[in-house]
Amino acid sequence: MRPIAVLEAAVKKPVWGCQMCGQCVLHSTGMTCPMNCPKTLRNGPCGGVRPDGHCEVKPEMRCVWVKAVERAPKTPWAHEIDDIRQPVDNRLWGTSSWVNYFTKRDKVAPKGWRVEA
Amino acid sequence: MSRLEDAIAAGRFVLTAELLTVNAGGLDAVHERFAPYEEYVDAVNATDNTAAHAHASPLAVAIALQQLGMEPVMQLVCRDRNRLALEAELAGAALHGIENICCLTGDDVTAGDEPEARRVFDLDSIQLIATANAMRNGRYLSGRKIDPAPRLFIGAVENPQAPPVGHRVDRARKKVRAGARFLQLQVLFELGPLERFMAEAVATGLAEQAAILPSICLVRTAKSLRYIDEHVPGISVPPAVIERVERAADPEAECFEIGCELADAARRIPGVRGLHLISFRREAGIARLCGRLGIPTREERELGGDRPPVVV
C-alpha cells in the first residue's frame, strides 16, 4: 500500500469501518459505508432486512442502508442517496480513494454502462 | 414481444406463478409442477437457487418451460455469479428466445444449506438490471457489441415490508430507472405495508412505469407460517394470522381462505396490475384460488373476457 493509502486507511477505518475499496461513496450514502454490507450493496438495502432494522446476515448489526437512509437527509448531499452507483472496479481495492477522486479514476465506468446517475 | 410483455402493454390483468424448485426428473418433473395452474398464468418464474439452496439452474429450467409450451420468467440473483457469468446467462437466455428476466439481489449464502460457500455480489440488483438493459440495447457492460441485440423484457423485485420501509418506493424507482418494467413484490401476509407502498407508487407515477405484481403465498399449516416468519429473510407473518390458523377446525382450509382474502384484497388496491402466486406444494391450490376469485383463464383474458376486479 502506498503511503497515502496507508494514511487514508488510518483515518477512515476507525471511524467508518473503511474497507479500502478505492472508490469511496461515503458522502452520498449518509456517511455510512455500503462496503460494510455483507452483500456490498451500493444502491440500497436488500429485501432481507429484519423487522428491527438489523442485517439479514449479521443479526447483531444494524443494516447499513437503514442507517444510510436515516442519516442522508442530515448531510449536504442528501439527494445523492438516489444516485445509481456504477459497479465496483475490483482493480481499485487497496488503493487510495482520495487519489482516485482527484484523478477522476473512480468515475471511470465500464464502456457499456449507460445509466444516468 | 413476450406474452408477459404483451399482457402488460395491453393493460390486461397479469398472473405469474413461481415454479417449485427442480432437482431431477427431466421435463416431466417440470411439467407436473405447473400443469395444475397452466391455463391461468401468463408466465412462470424459474427460480435461481432459492434461499441459497442449489437446484437445477434457472436457464435450464426456463428452457424446459419453453419446450413444454409455458412462457418462462428467468430469475437471476447476484449471489452466485460475477458480472461475466450473469451476462453469459442473459445472452444464453436470449439465444433460446427467453425474454422475461427478473433480477434479484438474492438471499445470503448463510440462509442456505451450504453457508460455507463464497458469496459473490459482484453486481447488485440495480447494476444487474442496468447491465441487462445495456445488453437489450446491444452492448455488453464492456461496450462490446451484440448484434442483433437480444430481446429482453426486464423485471425486478421489491419488498414493501422490509426496513427502511419509507425508502422502498425510492429503491423500486431506481430499478425502473435502470430498466425494470415489472416488479414482483415479496410475499406478504398482511396488507398494510402493501397498501402504503402502492399509495406512494401511484402518487409518484411508479405504478405506471412498471407493472407491480404483489405476491401471494399459499401454505397449509400454522407450522409453515411460523417457519416462514422465523426463517425466510424479509417476510413476517403477523401473530394474528398464525393464531387464526391454529384455532381453526380445518387449518388447511383456513390457510387457503387467508390466501384468497389476501389475493382478493391485493388485486383491488389501486395501481396493482396483477398477482404473483406461490404454492409450496404440488397441488392445485393456485388454480383453486383463481377459480374462487373468478379470475378468467389466460385465454379468456386475451380474448377480452377479463372482468374488472372492482365490485360495482
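**View 1. A:Gly53 lies in the loop that runs between helix H1 (3-16) and helix H2 (64-71) of chain A.** In this predicted model, A:Gly53 has a relative accessible area of 5%, and because buried means under 20% relative accessible area, this glycine counts as buried. The residue A:Pro3 stands 50 places from A:Gly53 in sequence, and the two C-alpha atoms are 38 Å apart in space.

**View 2. The surroundings of A:Gly53 include residues of chain A and a residue of chain B.** When neighbours within four places in sequence are left aside, A:Gly53 is in contact with A:Arg62, A:Cys63 and A:Val66, and also with B:Pro163 from the other chain.

**View 3. Chain B and chain A meet through 34 residues of chain B and 36 residues of chain A.** The size of an interface is often given as the accessible area lost when the parts come together. For chain B and chain A the buried area is about 2,600 Å², and carbon and sulfur atoms give 58% of this area. Between the two chains there are 16 residue pairs in polar contact, counted where both residues have pLDDT 80 or more, while the count of salt bridges is zero.

**View 4. On chain B, the elements that give two or more residues to the side touching chain A are helix H5 (125-136) and helix H6 (168-178).** Of the elements on this side, H6(B) gives the most, with six residues. Sorted by class, the side of chain B that touches chain A holds 13 nonpolar residues, ten polar residues and eleven charged residues.

Notes: Residues numbered from 1 in each chain as written. Chains lettered and ligands numbered in written order. Predicted model: local features only at pLDDT ≥ 70, side-chain atom pairs only at ≥ 80, totals over all residues. Heavy atoms only, no water. Contact = heavy atoms within 4.5 Å. Buried area = accessible area lost by both parts, 1.4 Å probe. Salt bridge = Lys/Arg side-chain N within 4 Å of Asp/Glu carboxyl O. Polar contact = N/O pair within 3.5 Å; in protein donor to acceptor, adjacent residues only side chain to side chain. Helix = DSSP H or I, 4+ residues; strand = E, 2+ residues; numbered from the N terminus. Nonpolar A, V, L, I, M, F, W, Y, C, P; charged D, E, K, R; others polar. Buried < 20%, exposed > 50% of the residue type's maximum accessible area, 1.4 Å probe, protein only.
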